[in-house]
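User: I would like to learn how to read a protein model, feature by feature. Where do we start?

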Amino acid sequence: MSKPDNPRDENPKNPEELRFHYTPTDEPGAEQETENAHAKDTTRVPAVIDALREEFEAAVLDVERYANEDTVYVEKNRIREVCRFLKEEEGFDYFVDLGGIDNFTAEDRYEVFYNLVSTERQKRLRLKVQVDEGDMQVPSVTEVYRAANWNEREAYDMFGFSFVDHPDPRRMYMPEDFDYHPLRKEFPQLGIPGSLPLPPQTPDGDLTMDPFAAAHGSQPVKSYEEPATDPDSE
């Protein structure tokens, strides 16, 4: 018996929730944008993009649209000015988040994305800047959006971006003397033995130098278990 083209067609709980609606990366037609289940009216902002192009001209590098969703690429060094313009002139008053992307390419390896919302217009916009591995500095937007503070610290911790003029540039999760950035694609999934000493597994034991000892071919210390108590002694 041959298998169906889509394994989920055998007994799907809800086909519409499971099916992936894909809009091609080439220029989609209007029907593809509106029929895509992921398309939302809130993410289509042509008037805002026109205002950005008029204000910043060549600093607006590219605009991508997927599932009726606009993403605007801007020059890295202008990101703070762009954010201020969007907040003060276009009403994008709510900073949702920012994060890093590692494309693992020779040029412009990294990207930083910014998700903004206009609560009055009920519109969303994503900005992106490209960051070359040889120059990891990115202007901080914390003086425009205070909420960017911890997001920028997290992106620094995980990817190594240096956010210029950030008021408190400390790591979020890893120790300050940790030499690596765990979300870079060359970072091993099982970590680097010895890079982050962990507490001992027994009360009198040494620091644990490899959190995945068995995966790296050695026998880890058995977990500590308290000795059984004699109920008659109590």
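Analyst: Start with burial. Buried means under 20% relative accessible area, exposed means over 50%, and partly exposed lies in between (1.4 Å probe, protein chains only). Helices (H or I, at least four residues) and strands (E, at least two) are DSSP runs, numbered from the N terminus. This is a predicted model: local features need pLDDT of at least 70, side-chain atom pairs count only at pLDDT 80 or more, and totals for chains, interfaces and linings use all residues. Residues are numbered from 1 along each chain as its sequence is written, and side-chain values use heavy atoms, with hydrogens and water left out.

User: Which residues of helix H4 are buried?

Analyst: First the general idea. An α-helix has 3.6 residues a turn, so residues three or four places apart point the same way. Now the case. Helix H4 covers residues 79-88. Its buried residues are Ile 79, Arg 80, Val 82, Cys 83, Phe 85 and Leu 86.

User: How many helices and strands does the chain have?

Analyst: Five helices and seven strands. From the N terminus on, the order is α-α-α-β-β-α-β-β-β-β-α-β. Of the 234 residues in the chain, 35% are buried. Take contacts between residues at least 6 apart in sequence: 50% of them join residues at least 24 apart.

User: How do I read salt bridges?

Analyst: Look for a side-chain nitrogen of Lys or Arg within 4 Å of a carboxyl oxygen of Asp or Glu. The whole structure holds 14 salt bridges. One of them joins the side chains of Glu 69 and Arg 126, at 2.6 Å, N to O. Glu 69 lies in strand E2 and Arg 126 in strand E5, so this pair ties together parts that are 57 residues apart in sequence. Glu 69 is partly exposed, at 27% relative accessibility. Arg 126 is also partly exposed, at 22%.

User: Are Asp 102 and Arg 109 buried or exposed?

Analyst: Both are buried. Their side chains meet in a salt bridge, 2.8 Å, N to O. The two also belong to a network of salt bridges with Glu 133 and Glu 186.

User: What does Arg 184 touch?

Analyst: Leave out residues up to four places away in sequence. Arg 184 then touches Asp 102, Arg 109, Tyr 110, Met 136, Met 158, Phe 159 and Gly 160. Arg 184 lies in the segment after E7. It counts as buried because its relative accessibility is 19%. Arg 184 and Asp 102 are 82 residues apart in sequence, yet 6.2 Å apart in space, C-alpha to C-alpha.

User: Where is Glu 90, and what does it touch?

Analyst: Glu 90 sits in the loop between H4 and strand E3 (94-102). Its relative accessible area is 12%, so Glu 90 is buried. Not counting residues up to four places away in sequence, Glu 90 touches Val 48, Ala 51, Phe 85, Ser 118 and Arg 121.

User: How do I read a charged surface patch?

Analyst: Patches are made of residues with over 30% relative accessible area and no salt bridge; like charges are joined within 9 Å, and nonpolar side chains (Val, Leu, Ile, Met, Phe, Trp, Tyr) within 5 Å. Here Asp 50, Glu 54, Glu 55, Glu 57, Glu 88 and Glu 89 form a negative patch. Helix H3 (residues 46-56) gives the largest share, three residues. Glu 54 is in helix H3. Glu 54 counts as exposed because its relative accessibility is 66%.

User: And what should I look for in the backbone?

Analyst: Check phi. Most residues other than glycine have a negative phi. Asp 108 has a positive phi of about 45° although it is not a glycine. Asp 108 lies in the loop between E3 and E4 and is partly exposed, at 31% relative accessible area.

User: Where is Asp 165 found, and what is its phi?

Analyst: Asp 165 is found in the segment after E7. Its phi is positive, about 75°, although it is not a glycine. Asp 165 is exposed, with a relative accessible area of 55%.

How values were computed. Accessible areas come from the Shrake-Rupley method with a 1.4 Å probe; for residues, only the protein chains shown count as cover. Lys and Arg count as positive and Asp and Glu as negative; His and the chain ends are not counted. The place of a charge is taken as NZ of Lys, CZ of Arg, CG of Asp or CD of Glu. Contact means heavy atoms within 4.5 Å.
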